Amino acid sequence: MLVALVALAAACSAGDESTSTTGAAVVTTAPASTSGPATTAPATTTTTTTLGLTTTAPVTTEPPVTSSPTAPPATTQPSDLTPAELADQELARSVLITLDSFPTGWVEEPATEDDSLADVEFEDQFDACLGRDDDVRVGDDLERLAVSTGDFQPAGDEGTSVSQEVVLAPDVDTAITAMSEVSVDGAEACIADVVQRFYTKTFAADPALEGIVIGEVSVTRTEQERPVDIATGVLLEIPLTLETDTVSQYLEVLYQRQGRALSELSFTSLGSPFSRDGYTILSDEAAIGLAAIGN
């Protein structure tokens with residue numbers, strides 16, 4: 001869980017000038033569109049309508065952005081996978097969300113990975129806070145089998161993004177254990193503390209972010225109406241203040257399971273939490289995909 005949240009935090013903060021503005025995203029009541037893959041991004045339109053979310057994009061005279069049908073898999077395939085594991089990877093890849101799930105105007109950018117995101121310092125802080133001393137967890141073992149999407153974003157809006165990771169565990173019991181590892185009681189305070197430290201360290205090291213004051217990180221457990229071995233999630237709010245202007249950055253992770261199939265959906269947004277309409281559409285689609293391959 002920590003690595004996913006820290007990765008989200010870094011993706012949002014690194015080089016994102018929007019964190020120093022007050023251009024907050026505003027949730028609308030318009031129904032989400034499912035009109036198919038994005039093809040071009042309007043070059044002179046200042047508003048991009050997303051999955052129930054309206055954000056303001058800068059006017060540009062650059063040529064429209066054309067999306068690719070499918071971004072290359074974000075996960076590097078290990079060379080030691082068995083034929084059965086390779087077959088499972090292909091099944092998992094077949095149910096990843098695609099641009100078809102998003103309104104026109106969204107693009108899929110190849111995901112970038114940074115080994116420093118899983119910095120041992122922050123992982124150790126999280127484990128110490130929870131009193132964990134086990135070095136090996138099921139989730140770590142499954143990571144080599146996971147497949148991922150790129151980062152889905154409205155064209156011109158770097159403050160909003162969605163990505164997904166799917167993996168087939170070898171059996172149902174292993175998948176249930178993996179879910180238990182991301183639904184630890186009392187984890188909220190640990191996540192808030194560690195992410196606060198991560199933001200503080202990251203912003204201090206980047207001259208472009210000088211002057212931004214990080215407020216108190218808050219963490220809310222989501223999906224509490226469902227069994228934790230089926231769905232669990234967390235929503236983080238990080239207030240960022242520049243001079244007299246404050247805008248919050250939101251990071252959300254949703255873990256889902258059906259049978260031995262597992263999904264991790266990650267959402268980032270600026271100014272307000274990711275659209276609940278969009279969240280529901282994507283989480284439902286993920287659940288349907290998991291049910292198709294998890295048994």
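Contact here means heavy atoms within 4.5 Å, a handy cut-off to keep in mind for the views that follow. The model shown is predicted.

**View 1. Ile238 and the residues around it.** Leaving aside residues up to four places away in sequence, Ile238 touches Tyr199, Ile214, Val217, Val247, Ser248, Gln249 and Leu251. Both Ile238 and Tyr199 turn up again in the next view, among the core members that touch the most other members.

**View 2. The largest nonpolar core.** This core has 21 residues, and those touching the most other members are Ile191, Tyr199, Phe203, Val219, Leu236, Ile238 and Leu240. At least two core residues come from each of helix 3 (120–130), helix 6 (187–204), strand 8 (212–214) and strand 10 (231–242). Helix 6 is the biggest contributor, with 9 residues. As general background, nonpolar side chains in soluble globular proteins tend to be buried together.

**View 3. A second, separate core.** Apart from the core above, 14 residues form a second one. Among them are Val138, Ala146, Ala178 and Val182.

**View 4. Asp80 with Arg144.** Of the 9 salt bridges in the structure, this one pairs Asp80 with Arg144, and their closest N and O atoms are 3.7 Å apart. The partners come from distant parts of the chain, 64 residues apart: Asp80 sits in the loop between strand 3 (53–56) and helix 2 (83–94), and Arg144 in the loop between helix 4 (138–142) and strand 5 (147–148). Asp80 is exposed, at 55% relative accessible area, while Arg144 is partly exposed, at 33%.

**View 5. Arg144 with Glu85.** Arg144 also forms a salt bridge with Glu85, at 2.8 Å from N to O. Because Arg144 lies in the loop between helix 4 and strand 5 and Glu85 lies in helix 2, the pair ties together parts that are 59 residues apart in sequence. Glu85 has a relative accessible area of 18%, so this residue counts as buried, being under the 20% limit.

**View 6. Asp229 with Arg257.** Here the side chains of Asp229 and Arg257 meet in a salt bridge of 3.5 Å, N to O. Asp229 is in the loop between strand 9 (218–222) and strand 10, and Arg257 is in strand 11 (residues 245–258), so this pair ties together parts 28 residues apart in sequence. Asp229 is partly exposed, with a relative accessible area of 25%, whereas Arg257 is buried, at 8% relative accessibility.

Notes:
Residues numbered from 1 in each chain as written. Predicted model: local features only at pLDDT ≥ 70, side-chain atom pairs only at ≥ 80, totals over all residues. Heavy atoms only, no water. Core = buried A, V, L, I, M, F, W, Y, C linked by side-chain atoms within 4.5 Å. Buried < 20%, exposed > 50% of the residue type's maximum accessible area, 1.4 Å probe, protein only. Helix = DSSP H or I, 4+ residues; strand = E, 2+ residues; numbered from the N terminus. Salt bridge = Lys/Arg side-chain N within 4 Å of Asp/Glu carboxyl O.
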